[in-house]
Amino acid sequence: MILKHIFTPLNNTRLSHLCGPTDEHLRTIERELEVRIAHRHEQFKVEGAKARAQRAMEILQALYEIAARPIAASTVQLMLSSEGDVGDDGPSLATRRADLKPRSQNQALYLDNIAEFDITFGIGPAGTGKTYLAVAAAVDALQRSAVQRIVLTRPAVEAGERLGFLPGDLNQKVDPYLRPLYDALYDLMGYDQVHKAFERQQLEIAPLAFMRGRTLNNAFVILDEAQNTTPEQMKMFLTRVGFGTKTVITGDLTQIDLPKAQLSGLVEAERVLRRTPGIAITRLSSADIVRHPLVARIVDAYEAARLEDLPPISANLAIPEPEPELPRVGLPKTRTPRRS
């Protein structure tokens, strides 16, 4: 299918920003949507499969509308990863990022679940916005005075390395583990606002081990990297929920850093709580990744390799084996009476 379009009103600056340096943005769209784009001044032609060509033309039109200034490559990649006008139907959040909106149906569902349910699980691979959107929802709730404070926590588990004893006080020791949460807060609130919130005790960041014995009322609580919790830690955390509290648990089941023999608390919680009223579980996939397009391909490649490594299901496994007879441990011995 071939689609033709003329951008009006004609503006050479917008056309230049639309195409990018040496037509970089056009090449990105061609590569991701498998189409061909040709242009002569304001006249553009897109050739490819019907759905892909229409999608490419929609993206070109959207880029032209924001092309008053140079367009970053990340903006083009975000538009490619989004699903049409999904973001327009998603909830609006009061944060420093005016352009913050869900980029896929699952992300919109994730935010809707956070707004509706007291406890929400966000499970998916890296780059799907699990933590970032949860922090954005927390900042929005704090700005609207729906909660009195934000509590961010995560288990202190290294990703395959042993860093040893870290120097400094408690905050300096746990900072490396909680740095992603700080980054999201700085981006959504600004550096000065974050530090003012800490001074007013509206923000608290702590390792999961320090949650035991607490009751969190009128707070927005986020447990990040929950795949690295044990079942005991997960149960302990979930039972901290108090009145007027929103709780979000995020994790990636493909990046568990616990010992191989240790069951993940997130795996058990998903199995145990999937039918519990008042709890929502949102599953995100590689289609929801909003980072560089290579991230989605990497996730898919690792998942395909994992499935190939699984042992094939044998037909003999379908027949349940008889259970072995258990020994009669602890039963009193009996004697057969002698015949007279």
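Let me start with strand 2, residues 36-40, and strand 3, residues 43-47, which in this predicted model pair in the antiparallel sense over five bridges. Within that pairing, Ala-38 stands opposite Lys-45 in strand 3. The two strands form a hairpin with two residues between them, and His-41, which sits in the turn, has a positive phi of about 60°.

Turning now to the open sheet, we have six strands in the order 6-5-7-8-4-9, and here the pairing is parallel. The edges are taken by strand 6, at 203-207, and strand 9, at 279-283, each of which pairs on one side only. From one strand to the next, the twist averages 15°. If we look inside this sheet, strand 7, residues 219-223, runs parallel to strand 8 and is joined to strand 8 by four bridges, and Leu-223 has Ile-249 in strand 8 as its bridge partner.

What lies across strand 4, strand 8 and strand 9? That is helix 11, which runs at about 125° to strand 4, the strand at 119-123.

Between strand 8, residues 246-251, and helix 11, residues 265-273, there is a loop, and Ile-256 lies in that loop.

Note on methods
Residues are numbered from 1 along each chain as its sequence is written. This is a predicted model: local features need pLDDT of at least 70, side-chain atom pairs count only at pLDDT 80 or more; totals for chains, interfaces and linings use all residues. Side-chain values use heavy atoms; hydrogens and water are left out. Two strands pair if DSSP finds at least two bridges between them. Axes are lines fitted to C-alpha atoms, for helices over the stretch in contact, and angles run from 0 to 180 degrees between N-to-C directions. Contact means heavy atoms within 4.5 Å.
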